[in-house]
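Trainee: I would like to go through some of the labels used for this structure and ask what stands behind them.
Mentor: Go ahead, with the structure in view.

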Amino acid sequence: MDNAEEKVAMRESKRRERQSALEDSDNDIGLCGWLLVALSILLMLLTLPISIWMCIKIVKEYERAIIFRLGRILRGGAKGPGLFFILPCTDSFINVDMRTITFDIPPQEVLTKDSVTVSVDGVVYYRVQNATLAVANITNADAATRLLAQTTLRNVLGTKSLAEILSDREEIAHSMQSTLDDATDDWGIKVERVEIKDVKLPVQLQRAMAAEAEATREARAKVIAAEGEMNASRALKEASLVIAESPSGLQLRYLQTLSTIAAEKNSTIIFPLPMEMMQAFMKR
């Protein structure tokens with residue numbers, strides 16, 4: 001736990017250093033740059049109040065604005081939400097959406113550790129955590145994150161067997177989320193969640209797995225039936241020993257069987273006779 005906290009703290013400090021290095025630009029525009037800024041301010045004052053509508057911009061609650069003055073990021077980082085002020089001619093800005101973005105990972109053909117080809121897709125949730133890094137360090141953070149997610153999915157699943165992919169989806173998703181979060185940290189991207197949606201197996205493999213599962217169920221059913229027969233035979237053996245101790249008990253069992261047959265309203269009643277009676281007739 002301590003190692004994870006230290007890792008997060010180190011990542012935050014590095015991010016602040018990179019952002020401060022990008023924002024320390026006001027002192028680097030030079031004398032010519034300051035002259036252009038002064039001319040821009042003078043032009044704005046001369047064209048008031050018309051120029052005021054060109055200088056005031058509005059940023060929505062879920063957006064941040066990165067202001068560039070003569071091509072360099074202004075000190076203070078992202079602006080917003082609300083109103084902010086820019087100078088005509090010398091300033092430009094880029095709006096960055098800070099809301100969570102969701103995208104589907106297209107189905108990826110992956111060769112597992114045990115040489116089985118499967119098709120796996122997923123979904124990724126991420127958001128821009130640092131607008132300055134997302135604009136200055138990467139051309140298209142959204143496209144880069146999508147491509148990196150596809151590559152990471154193939155790399156992670158390539159180290160897993162088919163059984164692990166089917167049973168350890170949460171562990172695989174957590175591993176992907178950690179890998180993506182570390183890789184996109186320099187871009188100001190925070191990967192919040194990764195989920196494995198579907199694992200598609202080849203048709204032949206599905207049939208083989210179904211046949212294996214059916215054979216396993218049949219074998220288990222036969223074992224259960226055999227155990228039932230064994231228990232029943234033991235119970236019958238114990239019952240025969242009890243009846244052998246009392247000959248009248250066998251006659252009572254006959255009468256009970258007759259009453260059971262008569263209750264079903266059958267026209268034919270089979271009455272068992274003792275074998276001793278048949279032996280007496282055979283001797284004669």
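Trainee: Which residues of H7 are buried?
Mentor: The model is predicted. In H7, the buried residues are Ile172, Ala173, Met176, Gln177, Leu180 and Asp181.

Trainee: How do you know that the buried residues of H7 line one face of the helix?
Mentor: Looking down the axis of H7, they fall within an arc of 160°, so they line one face. An α-helix has 3.6 residues a turn, so residues three or four places apart point the same way.

Trainee: How does the reach of H7 compare with what is expected at 1.5 Å a residue?
Mentor: H7 covers residues 169-183, 15 residues in total. From first C-alpha to last it reaches 21 Å, close to the expected 21 Å.

Trainee: Which residues form a nonpolar patch with Leu39 on the surface?
Mentor: Leu35, Leu36, Leu42, Leu46 and Leu70 form it with Leu39, and together the accessible area is about 570 Å².

Trainee: What makes S3 and S5 edge strands?
Mentor: The open sheet has 3 strands in the order S3-S2-S5, with antiparallel pairing. S3 (72-73) and S5 (91-97) each have a single partner strand, so one side of each lacks a neighbour in the sheet.

Trainee: Why do S2 and S3 count as paired?
Mentor: Pairing needs at least two bridges. S2 (residues 63-69) and S3 have 2 bridges in the antiparallel sense, so they count as paired. Arg69 has Arg72 in S3 as its bridge partner.

Technical notes:
Residues are numbered from 1 along each chain as its sequence is written. This is a predicted model: local features need pLDDT of at least 70, side-chain atom pairs count only at pLDDT 80 or more; totals for chains, interfaces and linings use all residues. Side-chain values use heavy atoms; hydrogens and water are left out. Helices (H or I, at least four residues) and strands (E, at least two) are DSSP runs, numbered from the N terminus. The expected span of a helix is 1.5 Å times one less than its number of residues. Buried means under 20% relative accessible area, exposed over 50%, partly exposed in between (1.4 Å probe, protein chains only). The arc is that of the directions from the helix axis to the C-beta atoms. Patches are made of residues with over 30% relative accessible area and no salt bridge: like charges are joined within 9 Å, nonpolar side chains (Val, Leu, Ile, Met, Phe, Trp, Tyr) within 5 Å. Accessible areas come from the Shrake-Rupley method with a 1.4 Å probe; for residues, only the protein chains shown count as cover. A salt bridge is a side-chain nitrogen of Lys or Arg within 4 Å of a carboxyl oxygen of Asp or Glu.
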